[in-house]
Amino acid sequence: MTKPSLPDLLHAAVSAVGGTERPGQVAMAEAVAEAIDDNSHRLIQAGTGTGKSLGYLVPALAHGERVVVATATLALQRQLVERDLPRTVEALHPQLRRRPQFAMLKGRSNYLCLHRLHEGAPQDEEEGLFDQFEAATPTSKLGKDLLRLRDWADETETGDRDDLTPGVSDKAWSQISVSSRECLGATKCAYGAECFAEAARERAKLADVVVTNHALLAIDAIEGAPVLPQHEVLIVDEAHELVSRVTGVATGELTPGQVNRAVKRSAKLVDEKVADALQTASETFERVMELALPGRLEEIPEDLGYALMSLRDASRNVISAIGATRDKSVHDEDAVRKQALAAVESIHSVAERITNGSEYDVVWYERHDRFGATLRVAPLSVSGLLREKLFEDRSVVLTSATLKIGGDFNGVAASLGLSPEGVEGDDVPLWKGLDVGSPFDYPKQGILYVAKHLATPGREGTRGDMMDELAELIEAAGGRTLGLFSSMRGAKAAAEELRGRLDNPILLQGEETLGELIKTFAADPKTCLFGTLSLWQGVDVPGPSCQLVIMDRIPFPRPDDPLMSARQKSVEEHGGNGFMAVAATHAALLMAQGAGRLVRASGDRGVVAVLDPRLATARYGSFLRATLPDFWYTNDRNQVRRSLAAIDAAAQADGK
């Protein structure tokens, strides 16, 4: 039997999902197939509308090797498992003569734990969950959530938190889930045979395609103990997010509350002397944290150093003692012991990491009005980790709509631990970059307007001229505006100001769930939606409801961001341009994602308005503009108002 051709398979898959074949999608599929055949690596930029999911799924399924697909967002994981994979597998079956199996796999804490649900969590919370006189009557929203989770446990087939609609608070979920450290293990647990997390792992072991998230991929790389099944091909979608997700997993934190909980959980399992030592260390740490001021700690202050050494030593003794004692009087002793161990081990590992002090770590204090101070430690860079762990023993394809920063792939490649394209050498993973373009005609569909006449934004204070510009643009567009702000304070100030000046409804992130806000925004063209970070990347509203995307300023990281400023300083110490490598690259990536909210379909028309003159006047402006879609570019405010009014009139004439 002759092997089916890739174009034929792609055609069958695209027809099955009701899509249209794109030249970029064909080029992408061929590049993925070549990478798998050569056991090599690819960075592929595929613009919105390319159909990149099928561009990598079809060659991966055709090849027959096991594939792991890692994505950043829940929405894409769902799309792959619920829509793209089932249809593609059926469409390819007649030619492949097989039906590849697929499965979703997440971290253990994403699945309901039957042991925790039925046996309860060791009680160290101040408030009870249920009225003591009437156990069936919840006294709070938490109680209602827990009753609903109990009912859901009898119905769900997956136990996956994301299958629960509507969702529950993190606090409620934490009552019926466990981390991998807290898990008793399937062989020791009374519910091991029915465990949802274990069932997901078993399905993944049998699957040809495993869909997971960046966080689990990072855990798999960092912790050494394999979480993902063996695989020959790794495809990282939304790859522009990978470095920040891996950094998040590799970041440790300590808070007085967290240490206090560990003290309470372990006290009843060890002798009084050992417990008292951890209690004393906890109190010392809490006193130090009360005086903590936000910012980076280039050197560990003496009082903090002493507190951390005390915590490290006391927690190590508790860990040894917990392992050596048994107490049959403790209800469900194994679970209590495991949870206490997990809490104390977490404290020990972070305290030891900061005490040991590595030039490759950044340590800083954060302060929150409500939760107090947090001590954090994060890697200065994850590039070495990714080079060593990601690109060995498998073919890796990284894809996203934004991988070329400032016009080439080398910036993103460097953050992943890769050398510039084409550079060969020992232990240097070879890779090729490919930009398959976009099916959209950006110069005809969109305008990039930079408000060159406005004052340069400062760090503080309101921007009256910017508010006037914002109001005029929204009026010209008839609403239909997505406002992307570099801070929540900026978004709130603009919403408050314009609610008093305009008739258009203005939605503000945080006033409702993100899903509800986006649904309301999409349903009414007169409505505007203002918000910050998650809106820059998480909004997909094709059609006339989003015809104006406004960015209030270039989204550079805050100058007092400890990790970003440390990374910038490190680049400069090694002879590079820290501002361009870190701050400008961060801003370019966000701006490209933000501008990508405008044109989501071939009929979309509109304007991306940047209310920061530096995009037109600063030396780095051309670098940032080179990362954005190739819209028609102007600084003419009157031209833009006329264009927005014409787009609005055309949409109204179509009854939209």
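Mentor: Contact means heavy atoms within 4.5 Å. Helices are DSSP runs of H or I with at least four residues, strands are runs of E with at least two, and both are numbered from the N terminus. This is a predicted model: local features need pLDDT of at least 70, side-chain atom pairs count only at pLDDT 80 or more, and totals for chains, interfaces and linings use all residues. Residues are numbered from 1 along each chain as its sequence is written, and side-chain values use heavy atoms, with hydrogens and water left out.

Begin with the pair α22 and α23. Helix α22 covers residues 562-573, and helix α23 covers residues 578-595. From α22 come M564, R567, Q568, V571 and E572. They meet G578, F579, A581, V582, A583 and H586 of α23. By class, this contact holds six nonpolar, three polar and two charged residues. The classes are simple: Ala, Val, Leu, Ile, Met, Phe, Trp, Tyr, Cys and Pro are nonpolar; Asp, Glu, Lys and Arg are charged; the others, Gly among them, are polar.

Now the geometry. Two packed helices are described by the angle between their axes and the distance between the axes. Axes are lines fitted to C-alpha atoms, for helices over the stretch in contact, and angles run from 0 to 180 degrees between N-to-C directions. For α22 and α23 the angle is about 145 degrees, and the axes are 7 Å apart.

Next, α1 and α4. Helix α1 spans residues 6-16, and helix α4 spans residues 74-96. Their axes come within 8 Å and cross at roughly 140 degrees. The crossing is right-handed. On the α1 side, D8, L9, A12, A13 and A16 make the contact. On the α4 side, the residues are R87, T88, A91, L92, Q95 and L96. Here the classes come to seven nonpolar, two polar and two charged residues.

T88 has a relative accessible area of 0%, so it is buried. Buried means under 20% relative accessible area, exposed means over 50%, and partly exposed lies in between, with a 1.4 Å probe and protein chains only. Leaving aside neighbours within four places in sequence, T88 is in contact with A13, L54, V58 and L61.

D84 is also found in α4. At 3% relative accessible area, D84 counts as buried. Its side chain makes a polar contact with the side chain of Q79, at 2.8 Å. A polar contact is a pair of N or O atoms within 3.5 Å; within protein, one must be able to donate a hydrogen and the other to accept it, and residues adjacent in sequence count only if both atoms are side-chain atoms. Not counting residues up to four places away in sequence, D84 touches S53, L57 and Q79.

Move on to α12, residues 272-290. The expected span of a helix is 1.5 Å times one less than its number of residues. With 19 residues, α12 should span 27 Å, and its end C-alpha atoms are 27 Å apart, so the two agree. At the start of α12, a side-chain oxygen of D271 reaches to within 3.1 Å of the backbone nitrogen of K273. The buried residues of α12 include V274, L278, F285 and M289.

Two further helices show what lies over buried residues. In α8 (residues 196-206), F196, A197, E198, A200 and A204 are buried. Their cover includes β3 (102-104), α5 (114-119), α6 and β4 (209-213). In α9 (residues 214-223), the buried residues are H214, L216, L217, A218, D220 and A221. Among the elements covering them are β2 (67-71), β4, β5, α10 and α15 (383-390).

Last, some backbone checks in the loops. N39 is not a glycine, yet its phi is positive, about 55 degrees. N39 lies between α2 (23-38) and β1 (41-45), and counts as partly exposed at 47% relative accessibility. E238 also has a positive phi, about 50 degrees, without being a glycine. E238 lies between β5 (233-236) and α10 (242-249), and is buried at 13%. The peptide bond from T165 to P166 is cis, with omega near -15 degrees. P166 sits in the loop between α6 (141-155) and α7 (170-174).

Terms used:
A crossing is left-handed if the near helix is turned anticlockwise from the far one by less than a right angle, and right-handed if clockwise.
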